[in-house]
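Please open the model in the viewer and keep a selection tool at hand.

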Amino acid sequence: MRRERSIQELYRDDPERADALAWGRRGALKGGALAAMGAALGAAIPFAGSMPRGLLPAALAQGGAQGPQYIELPGKARLILQGERPLNAETPETLLDDEVTPAEKMFVRNNGSVPDPVPEPRAWKIRIDGEVNAPLEITLGDLESRFEVVTRRLQMECGGNGRAFFVPQTRGNQWGNGAISCAEWTGVRLRDLLQAAGLKPGAKFTGHHGADRHLSGDGPAISRGMRIEKAMEEDTLVAFRMNGAPIPQIHGAPVRLIVPGWPGSLSQKWFTRLEVLDKPHTGRGMGGTSYRIPVVPIVPGSRNDGADFADMESMPVRSVLTNLAHGTRLPAGTRALDLRGHAWAGDKEISAVHVSVDYGATWQAMEVKAPANRHAWQRWTGRVSLPSDGYFEVWYRATDSDGRMQPHVAGNWNPQGYGANPVSRVAILVG
Ligand SMILES: Nc1nc2c(c(=O)[nH]1)N[C@H]1C(S)=C(S)[C@@H](COP(=O)(O)O)O[C@H]1N2
Ligand SMILES: [Mo]
């Protein structure tokens with residue numbers, strides 16, 4: 001990155017690059033829609049007066065060369081393909097409209113191969129060992145009868161959600177805002193199992209293990225861990241049902257961890273064993289720059305071994321707009337937009353969602369509902385009016401209960417691209 005140039009100079013010399021720098025590069029508009037939008041853009045931009053100088057319209061900036069590729073897996077809606085080996089797919093924002101995410105609309109994130117289903121799920125064994133008084137080995141069948149069974153709506157978000165918005169680009173799946181789900185999980189509290197095993201004084205961290213293997217054939221696909229405090233939280237579950245049905249194979253059947261609000265990688269699928277440790281776990285996906293972010297910002301694009309980074313814990317505030325797709329064309333004369341979506345903020349709550357249709361000159365507060373329970377996402381709704389036909393951008397951003405807002409540009413750049421949560425821009429055309 002040529003840092004000595006001002007953003008104005010960058011816009012003048014290389015507007016696409018400047019816009020990628022300011023806003024991220026990914027979007028959903030395809031060639032035809034892009035051309036139609038481009039022609040219309042020249043015709044009327046009612047709020048052109050408040051457009052920041054040199055801003056490339058979202059319709060063009062997020063057009064991309066070929067747009068996203070889709071994949072239709074068995075039992076799945078049309079998801080955005082992120083990778084085939086391992087299999088990764090993102091949920092388009094407009095498919096995230098349900099209060100409770102149905103299985104077919106849940107994003108898929110695998111670090112290795114998906115194991116084959118087992119013939120007798122109730123005989124599946126899990127083990128709690130390490131810094132405990134009495135290691136616990138229990139079948140799924142016994143789990144249900146021996147411990148209290150609870151049902152909660154819990155968000156599960158990939159640590160790399162929003163990675164596509166980083167400039168310069170970082171390695172890994174280029175998720176937009178769609179690596180998020182909020183399903184209804186049924187299971188037992190991990191805390192109850194840990195208490196049954198009895199924590200020793202040295203019990204400070206966890207290490208999670210699952211049955212899937214890395215594609216190289218070398219070791220586990222992923223094995224992460226967290227501070228024991230999160231393991232002892234009421235919403236951290238050993239889950240065996242999702243939305244009232246057995247967990248689908250691709251989502252971790254027959255039993256998985258659900259660690260809501262923290263990077264999804266902690267929510268071990270095909271869960272077999274939890275180690276209680278007196279120091280941080282060292283499994284695949286721990287240490288270095290994995291799921292770790294700078295404490296002191298680093299130069300974007302620079303190399304760093306992550307030694308001074310901190311493990312990512314509560315995920316940052318984010319919102320999705322679920323009833324209006326980027327690139328939508330509405331009938332002439334449309335003078336109001338009814339908007340709705342969801343917002344969430346890791347362990348925190350949402351205090352506000354704001355929308356602007358005039359490039360950020362004015363912002364309007366939306367209604368935000370209370371979560372169904374802690375760690376569930378929150379519904380936001382509202383109506384904005386439009387002065388005329390023309391090209392508009394719907395900008396939306398949420399604020400968390402600490403007053404922290406989605407920033408205009410993805411911040412705290414890090415080598416593996418965690419925590420990008422900039423304001424979203426959706427282009428619409430009226431008439
Ligand atoms: N065993 C196992 N558990 C895993 C993974 C994996 O590859 N293997 N991926 C993790 C990551 S990075 C995420 S974001 C979530 C994704 O869960 P989902 O595929 O059910 O949406 O599962 C986590 N648990
Ligand atoms: Mo993830």
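A salt bridge is counted where a side-chain nitrogen of Lys or Arg lies within 4 Å of a carboxyl oxygen of Asp or Glu. By that criterion, Asp97, Glu99, Arg340 and Arg379 are linked in a network of salt bridges; select these four residues to begin. The coordinates belong to a predicted model. Across the structure there are 25 salt bridges. Side chains of opposite charge can pair when their charged atoms come close.

**First stop: Glu313 and Arg227**

Select Glu313 together with Arg227, whose side chains form a salt bridge with an N to O distance of 2.7 Å. This pair links distant parts of the chain, 86 residues apart. Glu313 sits in the loop between strand S15 (310-311) and strand S16 (318-321), and Arg227 in the loop between strand S9 (205-210) and helix H7 (228-231). Glu313 is partly exposed, at a relative accessible area of 26%, and Arg227 is likewise partly exposed, at 32%.

**Second stop: Glu233 and Arg374**

Next, select Glu233 and Arg374, a salt bridge in which the closest N and O atoms are 3.9 Å apart.

Now select strand S14 (residues 292-293) and strand S15, which hold Arg292 and Asp311 respectively. The two side chains meet in a salt bridge at 2.9 Å, N to O, and the residues are 19 apart in a pair that links distant parts of the chain. Is Arg292 buried or exposed? Its relative accessible area is 13%, and because buried means under 20%, Arg292 is classed as buried. Asp311, with 29%, is partly exposed.

**Last stop: the second largest pocket**

Finally, turn to the second largest pocket, which contains about 480 Å³ of space. Which residues lie closest to its centre? Of the 21 residues in its lining, they are Ile293, Ser314, Met315, Pro316 and Arg404; select these five to locate the pocket centre. Colouring the lining by residue class gives 12 nonpolar, five polar and four charged residues.

Technical notes: Residues are numbered from 1 along each chain as its sequence is written. Chains are lettered from A and ligands numbered from 1 in the order in which they are written. This is a predicted model: local features need pLDDT of at least 70, side-chain atom pairs count only at pLDDT 80 or more; totals for chains, interfaces and linings use all residues. Side-chain values use heavy atoms; hydrogens and water are left out. On a 1 Å grid over the protein atoms alone, a cavity is a set of points where a 1.4 Å probe fits but cannot get out, and a pocket is an open set with protein on both sides within 12 Å along at least five of seven lines; lining residues have an atom within 4 Å of a point. Grid points are joined across faces, edges and corners, and a volume is the space filled by probe spheres set on the points. Ala, Val, Leu, Ile, Met, Phe, Trp, Tyr, Cys and Pro count as nonpolar, Asp, Glu, Lys and Arg as charged, and the others, Gly among them, as polar. Helices (H or I, at least four residues) and strands (E, at least two) are DSSP runs, numbered from the N terminus. Buried means under 20% relative accessible area, exposed over 50%, partly exposed in between (1.4 Å probe, protein chains only).
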